[in-house]
Amino acid sequence: MALRLDGKALAATVERRLTSVVGAHSKTVGRPPGLAVLRVGDDPASAVYVANKEKACARVGIASYGAHLAADTPADQVLSTIQSLNADPRVDGILLQLPLPKGLDERPLLEAIDPEKDADGLHTLNLGRLLKGEPGPRSCTPAGVMALLRSNGIDPAGKRAVVIGRSILVGKPMALMLQAANATVTVAHSRTADLAAHTLEAEIVVVAAGRPGMVGAEHVRPGAAVVDVGIHRKPEGGLCGDVVAEEVEPIAAALSPVPGGVGPMTVTMLLVNTVVAWCRRDGIDHELDDLIG
């Protein structure tokens, strides 16, 4: 049976490291790290996500400075709120919770976030830094995947990897991170002809297509490491991913569960980006380089 890539356990380990860093340096800095999560509207899933992020902040000693705006808030007011957070010296990380209500364009709002406070790693400047291999906040989900691989002794160097999905949120930065780790990377997607022909050659498969059950036994070579980024509610109840876990688990060498795999690490990497930004502002040696690539 496949090794379980346990994101929940790794997230707890990383949180302990963050708690140690924050506890060791808050007195010197004169304040704890600060994360501001900006939510617009009343999307129920977003409310849950924001609450989970605030709880995670509390566990490691990060101060929360979130704001909740009504769904009909004009774009210029949302922009003004972001600019206020940019200027707030207590805030080291800013996250604009997506999706936004209909009528609000996320692109100019994401671009308005100070790149040094970009806790989600999605600012154009930070994506460019990733492309060039320069330091900066990293996209949380793919960074969490890389941490999962490393912590389980799965070194991408010299391996063939397939990333299924080409979103700016996961697929594209995921491919760049695997390339930076010296993997040979193919990016596949919903229009890829004969997907199995690509994935059966891969020693690492990261599935972030947003399609339930897209990858089954016929797509996975024996001994591959498979990371399932997808998460979906099943009609009969419960959750599933983009991978048919019961088919792939007997074949793969390693498989991330849904839930409990990538999801917890996405939240944790948000905290990592915030703490690292706090450390950089004050010249603190954070000893978190293995998490930020």
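Predicted model: local features only at pLDDT ≥ 70, side-chain atom pairs only at ≥ 80, totals over all residues.
**Ground rules.** Local features need pLDDT of at least 70 and side-chain atom pairs count only at pLDDT 80 or more, while totals for chains, interfaces and linings use all residues. Residues are numbered from 1 along each chain as its sequence is written, and side-chain values use heavy atoms, with hydrogens and water left out. My helix labels (H or I, at least four residues) and strand labels (E, at least two) are DSSP runs numbered from the N terminus.

**Entry 1: H1 and H10.** I began with helix H1 (residues 7-29) and helix H10 (residues 262-281). Their axes come within 10 Å and cross at roughly 20 degrees. That makes H1 roughly parallel to H10; angles under 35 degrees count as roughly parallel, over 145 as roughly antiparallel, 65 to 115 as roughly perpendicular and the rest as oblique. The axes here are lines fitted to C-alpha atoms, for helices over the stretch in contact, and the angles run from 0 to 180 degrees between N-to-C directions. I noted the crossing of H1 and H10 as left-handed, meaning the near helix is turned anticlockwise from the far one by less than a right angle; clockwise would be right-handed.

Next I looked up who touches whom, with contact meaning heavy atoms within 4.5 Å. On the H1 side I found, among them, Leu-10, Val-14, Leu-18 and Val-22, and the H10 residues they meet as a group include Met-265, Leu-271, Val-275 and Trp-278. By class, this contact of H1 with H10 has 14 nonpolar, 4 polar and 2 charged residues. Ala, Val, Leu, Ile, Met, Phe, Trp, Tyr, Cys and Pro count as nonpolar, Asp, Glu, Lys and Arg as charged, and the others, Gly among them, as polar.

**Entry 2: H6 and H7.** Helix H6 (residues 140-151) was my next stop. The axes of H6 and H7 come within 9 Å and cross at roughly 35 degrees, and H6 passes H7 in a right-handed crossing. Pro-142, Ala-143, Val-145, Met-146 and Leu-149 of H6 meet Pro-173, Met-174, Met-177 and Leu-178 of H7. I sorted the residues of this H6 and H7 contact into 9 nonpolar, no polar and no charged.

**Entry 3: strand E8.** I then turned to E8 (residues 204-207). Ile-204 and Val-206 point one way, Val-205 and Val-207 the other, and all are buried (under 20% relative accessible area; exposed is over 50%, partly exposed in between, with a 1.4 Å probe and protein chains only). Strand E6 (residues 160-164) runs parallel to E8 and is joined to it by 4 bridges; strands pair if DSSP finds at least two bridges between them. Ile-164 has Val-207 as its bridge partner in E8. Strand E9 (residues 225-228) is also parallel to E8, again with 4 bridges, and Ile-204 stands opposite Ala-225 there.

Entry 4: Most residues other than glycine have a negative phi, and most peptide bonds are trans. I looked for departures. Leu-98 and Pro-99 are joined by a cis bond with omega about 5 degrees, and Pro-99 sits in the loop between E5 (93-96) and H4 (106-112). The bond from Val-258 to Pro-259 is cis too, with omega near 0 degrees; Pro-259 is in the loop between E12 (254-255) and H10.

Asn-182 has a positive phi, near 70 degrees, and lies in the loop between H7 (171-180) and E7 (184-188). Asn-182 is exposed, at 54% relative accessible area. Glu-287 has a positive phi of about 55 degrees, in the loop between H10 and H11 (289-292), and counts as exposed at 60%.
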